[in-house]
Amino acid sequence: MAAKQPLRPLALAVLGLLDERPMHPYEMFQLLLARKEDRLMRIRAGSLYHAVGRLEEAKLILAHGVDRDGNRPERTTYELTELGSQHLRDRLREMLAVPAEEYPAFLLAMAEAHVLPLDEVIDLLTTRRQALLPYLERLDAEDIDALARGVPQQYKLDVQYAQAVRRAELKWLDDLIATLCAGQMPWGTDTTHPHPSEI
């Protein structure tokens, strides 16, 4: 991995953890799960160890020391290099400032929803709406728990963003379902209405 290439989410998370303090990969893995960052990316132990190896090859992190806890295998502790610190900050600046095309599957499904019968689309969107509710409840519970533990707000921005997005999606779904149920949107393959690309 060349240092100038964009970091994958797990590699970025590793650099973020090492910006806090030196640690070994198992501690990183446990900390990511404890912080529920598996909402943000897929976290597997093997993938994390691979990310650590690639970051070390790119000289973004380096081995800080080796320790052993009882009969457990030796663990290598890593620390962030100056290059790694700069790369982390540069990538975060870019990600915060520049909207990225992320190609969510739901957008594609909505673009092609006209293929399905109207009643089925209404049922499917209603099912999606119901599935969002427990997810939003979990986010709200995480936010309340973090507040009770005194976690500063700057460490909860991802949760607050996810809450806002899910609430906006629920409102949008409610409005769309109401419009479809009221028959206020033409549906189907009416050839008198050309596809937007043909207009």
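Predicted model: local features only at pLDDT ≥ 70, side-chain atom pairs only at ≥ 80, totals over all residues.
Lys59 belongs to the loop between α3 and β1, and its phi is near 65°, a positive value in a residue that is not glycine.

The loop between α3 and β1 (61-67) also holds Ala58, and Ala58 counts as buried because its relative accessibility is 8%.

## The nonpolar cores

The largest nonpolar core consists of 25 residues, and those with the most contacts inside it are Leu15, Leu18, Met28, Leu48, Leu55 and Ile61. At least two residues of this core are supplied by each of α1 (9-20), α2 (25-34), α3 (45-57) and β2 (75-80), and the largest share, eight residues, comes from α1. Apart from this core lies another one, of 14 residues, which includes Ile122, Leu139, Ala162 and Leu170.

## Packing of α1 against α2

How are α1 and α2 oriented to each other? Their packing angle is about 100°, and their axes are 11 Å apart. Angles of 65 to 115 degrees count as roughly perpendicular, and α1 and α2 are therefore roughly perpendicular to each other.

On the α1 side of this contact are Leu10, Ala13, Val14, Leu17 and Leu18, which meet Met28, Leu31 and Leu32 in α2. Sorted by class, the contact of α1 with α2 has eight nonpolar residues, with no polar and no charged residues.

## Packing of α6 against α7

Helix α6 spans residues 118-148 and helix α7 spans residues 157-181, and the two pack at an angle of about 155° with their axes 9 Å apart. Since angles over 145 degrees count as roughly antiparallel, α6 and α7 are roughly antiparallel to each other. Their crossing is left-handed. By class, the contact of α6 with α7 has 17 nonpolar, three polar and nine charged residues.

The loop between α6 and α7 contains Lys156. Is Lys156 buried or exposed? With a relative accessible area of 8%, Lys156 is buried. When residues up to four places away in sequence are not counted, Lys156 touches Asp143, Ala146, Leu147 and Val151.

## A further positive phi, at Tyr103

Tyr103, in the loop between α4 (82-97) and α5 (105-111), has a phi near 50°, which is a positive value in a residue other than glycine. The relative accessible area of Tyr103 is 67%, so that Tyr103 is exposed.

Technical notes. Residues numbered from 1 in each chain as written. Heavy atoms only, no water. Core = buried A, V, L, I, M, F, W, Y, C linked by side-chain atoms within 4.5 Å. Buried < 20%, exposed > 50% of the residue type's maximum accessible area, 1.4 Å probe, protein only. Helix = DSSP H or I, 4+ residues; strand = E, 2+ residues; numbered from the N terminus. Axes fitted to C-alpha atoms, helices over the stretch in contact; angles between N-to-C directions. Parallel < 35°, antiparallel > 145°, perpendicular 65-115°, else oblique. Left-handed = near helix turned anticlockwise from the far one by under 90°. Nonpolar A, V, L, I, M, F, W, Y, C, P; charged D, E, K, R; others polar. Contact = heavy atoms within 4.5 Å.
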